[in-house]
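Hi everyone, thanks for coming. Let me put the structure up on the screen, and then we'll walk through it together.

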Amino acid sequence: MKRLLDVLREECGLTGTKEGCGEGECGACTVLLDDEPVNSCLIPFAQVRGARLKTIEGLKGTHPLLETFVTEGGAQCGICTPGMILAASALPKNATLEEIREGLAGNLCRCTGYEGIYRAIQKGTTRQRPGQSSVLSPQSSVKQRRTGVRTGRGK
Ligand code: FES
Ligand code: FES
């Protein structure tokens, strides 16, 4: 059974979505399904048909968070960065630090600490704008595909 992560990287060539732990613990593989951050390493591809899917490529280089992660020192090795940015893009405009911490609780970074990341998100979400989504073919179980929704750091 193919995982959504495998299909994105190997069949669609969307290698911006990273694999870290492969077990739903790190958030490196985060994508947005129907505007909700999920871990694509936990989701069978067959369960996402008909869902709105957004990967880091869907931001097309124009989202404010792409800039603020650079200017605020939110990225070093970059493995966690696409997932962080996608999770942050799902936050409300002008998100509070508490909302940012909660929204990013399922995304781990081994390089930067979190100060630069939170600063980048605070600046980026004040200027947030919607990105583009792509739609997969029909037939999905909303309940099943939500099994990849992150539950928080270390959980
Ligand atoms: Fe770590 Fe998916 S690769 S949560
Ligand atoms: Fe390396 Fe976050 S920048 S894991």
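Let's start at Gly116, which is partly exposed because 19 other C-beta atoms lie within 10 Å; with C-beta atoms placed from the backbone, buried takes 20 or more others within 10 Å, exposed 12 or fewer, and partly exposed is in between. Keep in mind that this is a predicted model, where local features need pLDDT of at least 70, side-chain atom pairs count only at pLDDT 80 or more, and totals for chains, interfaces and linings use all residues. Residues are numbered from 1 along each chain as its sequence is written, while chains are lettered from A and ligands numbered from 1 in the order in which they are written.

Gly116 sits in helix H5, residues 115–125. Helices (H or I, at least four residues) and strands (E, at least two) are DSSP runs, numbered from the N terminus. Leaving out residues up to four places away in sequence, Gly116 touches Glu72, Gly73 and Gly74; contact here is C-beta atoms, placed from the backbone, within 7 Å. Gly74 is 42 residues away in sequence, yet its C-alpha is 4.6 Å from that of Gly116.

Now the whole protein: six helices and four strands, in the order α-β-β-β-α-α-α-α-β-α. Of its 155 residues, 41% count as buried.

And what about the inside? A nonpolar core means buried Ala, Val, Leu, Ile, Met, Phe, Trp, Tyr and Cys residues joined through C-beta atoms within 7 Å. The largest has 35 residues, and Leu33, Leu65, Met84, Ile85 and Ala88 touch the most other members. Helix H3 gives this core its largest share, five residues.

Note on methods: Two residues are in contact if their C-beta atoms, placed from the backbone, lie within 7 Å.
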